[in-house]
Amino acid sequence: MKPERVFTVPSARAFGMTNEETMAADSEDIFGRAIRKLERLAHLDETDRQAIRALHARIETYPAHSVLVKDGARVTHCTLLIDGFACSQKDMSDGGRQILSFHLAGDLVDLSNLLLNHSDHAVQALTPATIARISAQDLRRLAEARPRIAEALWRDTLIEAAIAREWVVNVGRRSAMARIAHLICEFATRREAAGFGPPERFDLPMTQEQIGDATGLTSVHVNRKLHDLQEIGVIARERRDLHIRDWPQLIRIGDFDPTYLHAAP
């Protein structure tokens with residue numbers, strides 16, 4: 001699917017602008033969340049931050065359910081999620097899929113492809129999304145020139161792998177209710193760390209079908225287990241508005257230990 005809107009930074013001409021301060025603000029809006037995330041993973045200085053903001057990026061906007069990265073596509077760029085939510089997934093020949101992870105604004109959703117020739121999975125928008133396409137070559141050069149940025153990117157990739165391992169355990173060994181409780185705990189914890197607000201109440205960006213694709217359950221089973229969690233007073237929900245009423249109990253049910261998220265000190 002083609003993007004709904006495309007422009008490029010830091011070229012002021014794309015915006016019809018010449019004011020350097022305005023362009024700096026635009027770069028901050030584009031890279032702000034990504035920089036804050038990387039700063040949790042390594043100690044960046046102002047030179048590092050400026051080097052990230054100087055990256056050339058092609059900004060694209062997409063409607064929900066658009067494919068942002070195609071499975072098997074040749075890797076020429078990395079994709080930064082500026083706004084919205086997305087998921088990594090593997091599509092099956094029978095039309096089904098397995099969701100591998102969820103992505104929040106500030107994530108480089110295909111960073112694991114940076115040193116590969118082709119993508120080995122797809123990335124799809126869960127909601128309307130704005131992304132930045134950054135040259136993989138430029139990003140590799142940036143990592144080579146700025147060791148602290150390289151450390152942050154490497155640590156981000158390792159945490160992504162840790163999340164993948166935890167998801168294998170979730171789908172392979174936990175009960176249906178525990179799978180869903182664990183997913184909610186992880187999403188709430190990650191969105192708080194990303195600066196989206198307290199974890200107790202938020203809108204779930206994923207549908208029950210998408211939760212099922214992430215946990216190996218049918219949407220009917222997901223609905224039933226969400227209802228069970230609500231019945232025992234652990235959560236309350238109104239459409240996609242989810243209120244965690246009993247964190248300790250949700251953590252216990254989901255067997256959730258956030259150590260695998262490796263939050264930066």
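Where pLDDT is low, the predicted coordinates should not be read in detail. The chain as a whole averages a pLDDT of 92, with 92% of the residues at 70 or above.

This is a predicted model, in which local features need pLDDT of at least 70 and side-chain atom pairs pLDDT 80 or more, while totals for chains, interfaces and linings use all residues. Residues are numbered from 1 along each chain as its sequence is written, and side-chain values use heavy atoms, without hydrogens or water.

**Largest pocket**
- The largest pocket holds about 490 Å³ of space. (A pocket is an open set of points on a 1 Å grid over the protein atoms alone, where a 1.4 Å probe fits, with protein on both sides within 12 Å along at least five of seven lines; lining residues have an atom within 4 Å of a point. Points are joined across faces, edges and corners, and a volume is the space filled by probe spheres set on them.)
- Its lining has 25 residues, with Lys37, Arg40, Asp107, Ile159 and Arg190 nearest the centre.
- Helix α2 gives the largest share of this lining, five residues. (Helices, H or I of at least four residues, and strands, E of at least two, are DSSP runs numbered from the N terminus.)

**Second largest pocket**
- About 300 Å³ of space lies in the second largest pocket.
- Leu68, Val69, Lys70, Ala73 and Arg133 are the closest to its centre among the 17 lining residues.
- Strand β3 supplies the largest share here, three residues.

Conventions: pLDDT is the predictor's confidence in each residue, from 0 to 100.
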